[in-house]
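Biologist: Could you walk me through this model, one question at a time?
Modeller: Gladly, let's look at it together.

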2 protein chains.
Amino acid sequence: MSKFGFTLSATDGKARRGVVTTAHGDFDTPAFMPVGTAATVKAMLPGSVAGTGAQIILGNTYHLMLRPGAERIEKLGGLHKFMNWPGPILTDSGGFQVMSLSELRKMNENGVTFRSHLDGTMVELTPERSMEIQNMLDADITMAFDECTPFPATEDEAATSMRLSMRWAERSRQAFKERPGYGLFGIVQGGVFESLREESAKALTNTGFDGYAIGGLAVGEGQDEMFRVLGLTTPMLPDDRPRYLMGVGKPDDIVGAVLRGVDMFDCVLPTRSGRTGQAFTRRGPLNLRNARHADDPRPLDEDCACPACGGHSRAYLHHLVKSGEILAAMLLTWHNLHYYQDLMRGLRAAIGEGRLEAFTTGFAAAQDAGDIEEL
Amino acid sequence: MSKFGFTLSATDGKARRGVVTTAHGDFDTPAFMPVGTAATVKAMLPGSVAGTGAQIILGNTYHLMLRPGAERIEKLGGLHKFMNWPGPILTDSGGFQVMSLSELRKMNENGVTFRSHLDGTMVELTPERSMEIQNMLDADITMAFDECTPFPATEDEAATSMRLSMRWAERSRQAFKERPGYGLFGIVQGGVFESLREESAKALTNTGFDGYAIGGLAVGEGQDEMFRVLGLTTPMLPDDRPRYLMGVGKPDDIVGAVLRGVDMFDCVLPTRSGRTGQAFTRRGPLNLRNARHADDPRPLDEDCACPACGGHSRAYLHHLVKSGEILAAMLLTWHNLHYYQDLMRGLRAAIGEGRLEAFTTGFAAAQDAGDIEEL
């Protein structure tokens, strides 16, 4: 089994093109990871997810530990086999979703205790337990257990939160079971404060991780502020490890983050939007609920090779959305994931050929050109 | 364009194997038609429906006339193009669903007036309007407009209802636009009364239709009574036209009806069951909600070639069902449709090879053998 690793093949400004090698295969960066929360990328067959060009997906520790349970998934051969996805999987640590989704949570130095929303039992999640769960899931990329610093936070609050996360990162590193092809990522916190980001990045790089995530962004600070913090933070991270911006984002968020040196992304936007009648296209987003699509014989995007655009009109998709049909979610999710992977393919090719500036200019112009609707 | 027609290729007892030729291609009989109510076989891409072996699907006039509207579908190129299904389509007349689904309906000699559940407008459906709508939808097989006689009904009630349907059938025949490759089916009514079925069959065959449906069954009379009425009715129908048993049914209903000379079927059971966690298999039905599947690594059916059975365990399907995931509906619908088409393939092959009795004995023994659960 090959070693977990990252190979840079090209740079264009701060943007990077590369390949990450894992126990379950390689993936090209910049990469967008579809979110497979409960062991399914919602409304997609796993083969269809791969067909869009996605090479790695994300699973959520919080959901999977509660249902069907990490022990059960391990007994059934791991998450890859359980959900029929043979490629690389990254799992989050559970920390973010415990704080955003669970009730009656109590946090202390040791970890977080919370009440399961499924059966009411009290559950404890610690750095050690998070590593154990992600190991049972057989995640190719394990995320260190951390607290996502709330926004807004004062500098003192952000510092206290970040330092707890750094102690938890150290415990995660100690508890992580090393295996060839499996990697552990640390998560830089520190809110919007440069000195705290610096302190966090130093703590993590001193310990040493296989990749570095940038956490605590896309939580309400706005795109300008996110780009500012990203611009500060990526230079603090080693060049020879992948960089992952968690929970991002809209297409233009991704383009801006790639320009600032980010390699990996995940976001529920393309899948969730697909279930609410919204489509991303080269010419901006479309809301298929809108009555103006009712008689429109055109596909969502003439240049898209996805099954939704092959043979289905906007009029038909409008009808499916209005009728609450499952096929609406299926086709729009498929299209959105395909569009996101087209974007990543375009970014990778542009970086490889040293024409990223022209690509991003063309991207922005096309997005502004027409069909724009507010989502 | 070829003429609409039916070619018998083999018989085994009263069972028949044949081919129906339509404007949009041929289909083999005995045939099961998946139901595509609102211009979608729920939770399936059209290519996947075809992949199960289905060669013809059913569309519902009642749903489509209300949303998106027959005029709109015609303007967009017809139902085949609208829903991206290039093969044959049969549409029902709307009569049955007006009576079972709509509110404030009033029936008289001319037709039925009802209130749309979508926008509250009053809508009239007559034999002439039903023919016009099915023509706009571009249905390969149009069904005569009729009243499905309620069950139970006295002989007088059944006679009155059947005679109205026969007058409507005559008006349907007059209003139907003849085009090469397009056919019109009459519907035999008469409840459970032999003399009424006889009177109905005679009225229809005197007028002359391209196929004959048997209506008013599977409405609560039970399988034994259904088989008795079928056994009486199919001999009243011409050998050289296809026979269609509407709204049937469970796998053993279909086997029994094929034994009694029926060629075509439609039913929501495989698709609807797929959305409620239920699977049909060679060894009987399974309810995937049942906790006994939670750790079961086996596929639904080891002998099934569908995508649900290729790579997904019962444990995984149980998890998806319990989690309310769309993928549960997708995989179970796919499996159920595949199972139904496997059954039809098996029936056709057995008839062709003169071994239908052995096939039906084996079918019944396997259904009883194991895994049986009450649905």
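This is a predicted model: local features need pLDDT of at least 70, side-chain atom pairs count only at pLDDT 80 or more; totals for chains, interfaces and linings use all residues.

Biologist: Which rotation superposes chain B on chain A?
Modeller: The copies are superposed by least squares on the C-alpha atoms of residues with pLDDT of at least 70 in both. The shift along the axis is 0.0 Å and the RMSD is 0.0 Å. That is the relation of a two-fold axis, and the rotation is 180°.

Biologist: Which residue of chain B comes closest to the rotation axis?
Modeller: Going by C-alpha atoms, the closest approach in chain B is 3.7 Å. The residue there is I326(B).

Biologist: Which helix gives the most to the side of chain B that touches chain A?
Modeller: Two residues are in contact if their C-beta atoms, placed from the backbone, lie within 7 Å, and here 32 residues from chain B meet 32 residues from chain A. Helices are DSSP runs (H or I, at least four residues), as are strands (E, at least two), numbered from the N terminus; α3 (70-75), α4 (79-83), α12 (314-322) and α13 (326-352) of chain B each supply at least two residues to this side. With 5 residues, the top contributor is α12(B).

Biologist: Why do the copies meet through the same surface?
Modeller: Compare the interface residues of the two chains. The copies meet through the same surface because the share of chain B interface residues that are also interface residues in chain A is 100%.

Biologist: How do the axes of α12(B) and α13(B) cross?
Modeller: Axes are lines fitted to C-alpha atoms, for helices over the stretch in contact, with angles from 0 to 180 degrees between N-to-C directions. These two come within 7 Å and cross at roughly 130°. Angles under 35 degrees count as roughly parallel, over 145 as roughly antiparallel, 65 to 115 as roughly perpendicular and the rest as oblique, which means α12(B) is to α13(B) oblique.

Notes. Residues are numbered from 1 along each chain as its sequence is written. Chains are lettered from A and ligands numbered from 1 in the order in which they are written.
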